[in-house]
Amino acid sequence: MKKEQVPQDESFLEGHQKAAYALDEHGKYAVVPSRGWEPERIATSVALEAQDRTLRTAWEDVGARRRSPLAYHMTRRQLTPGLLASNVGVSSWRVRWHLRPAGFRMMSLGMALKYAAYLEVPIERFVTVPPQPETLMEPSPNG
Amino acid sequence: MAEIAFQHLHAAHCESGVTAALLRHAGAPLSEALALGIGSGLFFLHLPLKSLGGGPTTSFRPLPGGIFRRTCKRLGVSYRVRRYRDPERGMADLDALITQGVPAGIQTNVYWLSFMPTRFRFQFNAHNLIVYGRRNGSWMVSDPVLEAPVECPDDSLRKARFAKGFMAPRGKLYHLTDPPRFSEQAVNAAIRAGSLHTAWAMSQIPLSIFGAKGIGFLANRVERWPDRFPDPRDSLLQLANVVRMLEEVGTGGAGFRYVYAAFLQETAERLPDPAYREYSERLTDIGDQWRQFAARVAQICRSRKAERAEFSEVAGMLRRCSEGEQGLFSDIFRHEKSRPKTTTS
């Protein structure tokens, strides 16, 4: 890739630039800042859409009382029950129990505070889910 | 409050960038490309398992943590690596190092780093960055994949350093202990060692999931995805993930192939060894093929259809990359093997 071919496309970098390696006019490699590359943005948006779908499913499950609000907050942080368990320091069986509406209702306040602190959700919002699931793809730049 | 006068280095990859920046700070300038080459930071691996990260994993690099270690060892630079059970001690040691004027490399989770762009935050535990100061309860961070230094609040950095899970950083903290002193000869020997190691790993490992052969293996899997996943979105997601590993996660373009070509080019001049000039040009061409692959995958993703013919087409592109890399790295391997052994260390 030549220096002038380094793409400067719209991206999810939020104004940041990444370092790309490209050949300068003398055929020498140089580091060129890049604002992003369209194919990369498309690939990323495929993954972000998949995350949004997973989160929406969790959100619907909570609405239908199939799972507890913890499932939503956990999924929003891209965590699995196992990961959440080891990060909060409880057994994964306990997390699975708390992912069920019945287990969630019987959870102690201390336990709820622990989860809420780790997931960075204010405790008053921890017991519910937002009216609409949050999305990562919201301000989609064309496409 | 303490701050070290530290020159930020904008790099393609986190670990080679951290290694090069730490060495430069200690008075031994080394480019990122050289650090990646000496530390053997180029690889390929496709794990067709569901267990890690929820799906098949493709990687264009060896396991994290090795580049810094290998570069230091091959150059004879002394360093120290520590891990912690107790976050308090881990943070206190970092603070003490900064106060002594020693910038430190740390391993972190990416998701909890508040300065990362939102859509790049994902649960990945092997990011590397440098901490070089402390101000008003925030850490001053030089993250090589960003173009400028940033600040990171204490709780965010703590959470990122002590995240649990696969490849958990466990507070990993590393720094150089003595001012590095190495001769030109030592650098040349280190370059040879790094190059031989990479060439071996890419062309000689007899298992089909590793190295250049692994790319062909991935091609075979790619061809089967449209039949394996009933939902086309799943096949497309798999394909998109390969491209993300290739481009998005800080590789300097084409999954480290361009950075490594830069290393081969620098090697040709440094040693000097004209054969490496040709190797560099070949790898640049292979890098361009990887980018064509990425561009084609993006088109397919856009169509939102998982057609067998199109998946076969990109599999064919992967096979060309595989053949090119197998040929190139076998040649480098033979070239290095056939050289008379020198006794510089």
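**A patch and a strand**

Guide: Ile123(A) is partly exposed, at a relative accessible area of 33% (buried is under 20%, exposed over 50% and partly exposed in between, with a 1.4 Å probe and protein chains only). This is a predicted model, in which local features need pLDDT of at least 70 and side-chain atom pairs pLDDT 80 or more, while totals for chains, interfaces and linings use all residues. Residues are numbered from 1 along each chain as written, chains are lettered from A and ligands numbered from 1 in written order, and side-chain values use heavy atoms, without hydrogens and water.

Together with Leu109(A) and Leu113(A), Ile123(A) forms a nonpolar surface patch of about 270 Å² accessible area (members have over 30% relative accessible area and no salt bridge, and nonpolar side chains are joined within 5 Å, like charges within 9 Å; a salt bridge is a Lys or Arg side-chain nitrogen within 4 Å of an Asp or Glu carboxyl oxygen; areas are Shrake-Rupley values with a 1.4 Å probe, only the protein chains shown counting as cover).

In chain B, strand S9 (residues 173-176) has Leu173(B) and His175(B) pointing one way and Tyr174(B) and Leu176(B) the other, and all are buried. Strand S4 of chain B, residues 79-82, runs antiparallel to S9(B) and is joined to S9(B) by four bridges (strands pair at two or more DSSP bridges), with Arg82(B) opposite Leu173(B). Strand S5 of chain B, residues 104-108, is also antiparallel to S9(B), with two bridges, and here Ile106(B) has Leu173(B) as bridge partner.
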